[in-house]
Amino acid sequence: MISSSHEAMHGIFTHNPAAFAHAFHILDLPFPDPIAVQQVSVDLTETSPVERRADTVLRITTEHDTFLLVVEAQSRTDSTRVAAWSYYVTFLHNKYELPVVLVVVCHDKQTATWASRPLRVTYRDWTSFTLQPLVLGPHNVPAVTDPAEIIDDLPLATLSAITHAREPEIGAILEAIIAAFHRRGHDDETGFYAELIEQGISHTDAAQLWRDKMATDLSFFRSESAQRLRAQGREQGLEQGLEQGLEQGRAEQAAHAVLTVLTGRGIELSTAQRTRLTETTDLDQLDKWLVQALTAARANELFD
């Protein structure tokens, strides 16, 4: 099952891929600035009954050329990904007749080191195919700890938090992000990236550190942590009421996350759709909408 943490690791690119031009410069990657970015279908299924889906596929147009960027989220070593990634690159190259760059976003140095190795299809000493992923992880994404830099480049700061989630400097990164959010003020952009950080580090020890720090100003941050604390305060001392309050808080947080992602991607909801979203208490349905919201082209794809 795809987790919200997994979605957040590549969802940064989906939200505002053009914003990563600055991040690519900082990472010293040899790519021209994009002048146009278009999302490409992630469905790589052929006529055979094997379904294959990449995490994110973008068509990047620069002043000089056009290429496809495949973004994959990887939280652990997995030898089966070699075959899958090789398929993605060759399939997209054949289908669109464009160069293809594979970007792998990793949570930790061990996974990043594994993913950075050239992936080869060989027989004895003969190599038929070599794939060289571009890996983003704690080894090459800077630990951004200056609030001024974070305000200038929220995507890079978010990527920094996600890729350093298991590194010692994560505390300093999160403190700097919170300081930057307070300086900038709460808007759609800070709300979107705050939710991405919460999701992207949700399966690491840093998640609780993030929630504890954000809990000092509940009116500013409407994440899982803030909603849980509000619910606990309303129902404190009553076990049954506490559980109901927690469930309500989780549903409110999940609905807000969906709305934040859609707003950040410029997708507007009708009054009926917004009401349906905010009144839904089914957490499974809300989680499903959150995943769909990261790639949907219009609101009807979620609610029809």
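Student: In the hairpin of β5 and β6, which residue takes a positive phi?
Tutor: This is a predicted model. Strands β5 (residues 119–123) and β6 (residues 126–131) pair in the antiparallel sense over five bridges. The hairpin has two residues between the strands, and the one with a positive phi, near 55°, is arginine 124.

Student: Which residue in β6 does valine 121 stand opposite?
Tutor: The two strands, β5 and β6, are antiparallel. Across from valine 121, the residue in β6 is phenylalanine 129.

Student: Is glutamate 97 buried or exposed?
Tutor: Glutamate 97 lies in the loop between α3 (81–96) and β4 (100–106). Its phi is positive, near 55°, although the residue is not glycine. The relative accessible area of glutamate 97 is 67%, and the cut-off for exposed is over 50%, so the residue is exposed.

Student: How many bridges join β2 to strand β3?
Tutor: Strand β2 (residues 56–62) is mostly covered, with five of its seven residues buried. A hairpin through three residues leads from β2 to β3, and valine 57 stands opposite valine 70 in β3. The strands run antiparallel, and the number of bridges joining them is six.

Student: How many of the ten residues of helix α6 are buried?
Tutor: Helix α6 covers residues 154–163. The buried residues include Leu154, Pro155, Leu159 and Ile162.

Student: At the start of α6, which residue has a backbone nitrogen within 3.1 Å of a side-chain oxygen of aspartate 153?
Tutor: The contact is made by a side-chain oxygen of aspartate 153 at the start of the helix. The backbone nitrogen it reaches belongs to leucine 156.

Student: Which side chain meets glutamate 198 in a salt bridge?
Tutor: Glutamate 198 is buried, with a relative accessible area of 3%. The N to O distance is 3.1 Å, and the partner is arginine 211.

Conventions. Residues are numbered from 1 along each chain as its sequence is written. This is a predicted model: local features need pLDDT of at least 70, side-chain atom pairs count only at pLDDT 80 or more; totals for chains, interfaces and linings use all residues. Side-chain values use heavy atoms; hydrogens and water are left out. Helices (H or I, at least four residues) and strands (E, at least two) are DSSP runs, numbered from the N terminus. Buried means under 20% relative accessible area, exposed over 50%, partly exposed in between (1.4 Å probe, protein chains only). Two strands pair if DSSP finds at least two bridges between them. A polar contact is a pair of N or O atoms within 3.5 Å; within protein, one must be able to donate a hydrogen and the other to accept it, and residues adjacent in sequence count only if both atoms are side-chain atoms. A salt bridge is a side-chain nitrogen of Lys or Arg within 4 Å of a carboxyl oxygen of Asp or Glu.
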